[in-house]
Amino acid sequence: IFTNKYWLLIMTFFLIQLSCQTLKNTALVYYSNYVLGSYNDGITQTLISAIGGIPMGIGIFLVWPLAKKYGKRNTTMAGLVLYLLGGVVCLLSPKKIVVVLIGQFIKNMGGLPIAYIFTALLADVLDHVEWKNNFRCDGISMSIYTIISTVSVGFTLGIFNLVLSKTGYIAPTFDQLTKETIAVVQNASVQNAITFLFLGLEVISSIVLMVILAFLDIEKNIEKEQKEILERHNR
């Protein structure tokens, strides 16, 4: 597997995508509290999350027909273009909730192929490895995928905390007298860092992921390879 181009490409894709997504999810609360809204205002984060959930509900009816017609890679590539455009829209005015919600909706529509069909490309890659080497490597591949998804959580959380500490983040304090949690307005460096981790990083990663996808042309021969695998099994 470590000598197979397609396997290395798809695992690199997962590593970058999962790491950036985890950083974004970690930054969501801070972005809602200190950049877009106010601390624990009860609405900002809810709106962002709701806008993220709407496309996921309707996407299952849209993505697979597109993937069958245009291919899984091409559909994912188109989704990344939308993801990039949505991120740019958000960055045009990251402190205006209407602009950000529009951009988030576009982003989440673009993220549907990764959520629903991209793992099917991994199955194609595993079939390709079997076709080339005459044995399957599903177990170790999924173990490595699990390691990537697990380790990326701790690694990105460490990066996030490091960025906050270096930019001068001041944590909320609990007032024993009023029994309320009091948060300060964060400085511009902290707000910019949070905005970058929530919005800007995924704009950059979308471009990187599109470059990786450009070389992940596994589908061009996969039907022939799968047919040959089936013939081997039937001998």
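**Reading helices, patches and salt bridges**

Biologist: Which residues of α2 are buried?

Modeller: In α2, the buried residues are T44, I48, I51, G52, P55 and G59. They sit on the same side of α2, because they cover an arc of only 90 degrees around the axis. Buried means under 20% relative accessible area, exposed means over 50%, and partly exposed lies in between (1.4 Å probe, protein chains only). The arc is taken from the directions that run from the helix axis to the C-beta atoms.

Biologist: What is the general idea behind a one-sided pattern?

Modeller: An α-helix makes a turn every 3.6 residues, so residues three or four places apart point the same way.

Biologist: What kind of model is this, and what are the ground rules?

Modeller: It is a predicted model: local features need pLDDT of at least 70, side-chain atom pairs count only at pLDDT 80 or more, and totals for chains, interfaces and linings use all residues. Residues are numbered from 1 along each chain as its sequence is written, and side-chain values use heavy atoms, with hydrogens and water left out.

Biologist: How do I check the length of α2?

Modeller: Take 1.5 Å times one less than the number of residues; that is the expected span. Helix α2 (residues 44-59) has 16 residues, so it should span 22 Å. Its end C-alpha atoms are 24 Å apart, which agrees.

Biologist: What do the buried residues of α2 pack against?

Modeller: Contact means heavy atoms within 4.5 Å. The partners are α1 (5-36), α3, α5 (97-110), α6 (112-116) and α9 (188-215).

Biologist: How many helices and strands does the protein have?

Modeller: Both kinds of element are DSSP runs, numbered from the N terminus: helices are H or I with at least four residues, strands are E with at least two. Here there are 10 helices and 2 strands. From the N terminus on, the order is α-α-α-α-α-α-α-α-β-β-α-α.

Biologist: Which residues make a nonpolar surface patch?

Modeller: Patch members have over 30% relative accessible area and no salt bridge; like charges are joined within 9 Å, and nonpolar side chains (Val, Leu, Ile, Met, Phe, Trp, Tyr) within 5 Å. I58, I60, F61, L62, L66 and Y70 form a nonpolar patch of about 610 Å². One of them, L66, belongs to helix α3 (residues 63-70). L66 is partly exposed, at 41% relative accessible area.

Biologist: How many salt bridges are there?

Modeller: A salt bridge puts a side-chain nitrogen of Lys or Arg within 4 Å of a carboxyl oxygen of Asp or Glu. By this rule there are 9. One of them joins E202 and K107, with N to O at 3.1 Å. E202 lies in helix α9 and K107 in helix α5, so this pair ties together parts that are 95 residues apart in sequence.

Biologist: Are E202 and K107 buried or exposed?

Modeller: E202 is buried at 4% relative accessibility. K107 is buried at 2%.

Biologist: Which residues are linked in a network of salt bridges?

Modeller: D127, E130, R136 and D138. R136 meets D127 at 3.0 Å, N to O. R136 also pairs with E130, whose closest N and O atoms are 2.3 Å apart. R136 is partly exposed at 38%. D127 is buried at 15%, and E130 is buried at 7%.

Biologist: What does H128 touch?

Modeller: H128 is in helix α7 and is buried at 8% relative accessibility. Leaving out residues up to four places away in sequence, H128 touches N4, Y6, I218, I222 and E225.

Biologist: Where is N134, and what is its phi?

Modeller: N134 has a positive phi of about 70 degrees although it is not a glycine. N134 sits in the loop between α7 (118-133) and α8 (138-167). N134 is exposed at 56%.

Biologist: And where is N40?

Modeller: N40 is in the loop between α1 and α2. Its phi is near 50 degrees, a positive value in a residue other than glycine. N40 is exposed, with 56% relative accessibility.

Note on methods:
Accessible areas come from the Shrake-Rupley method with a 1.4 Å probe; for residues, only the protein chains shown count as cover.
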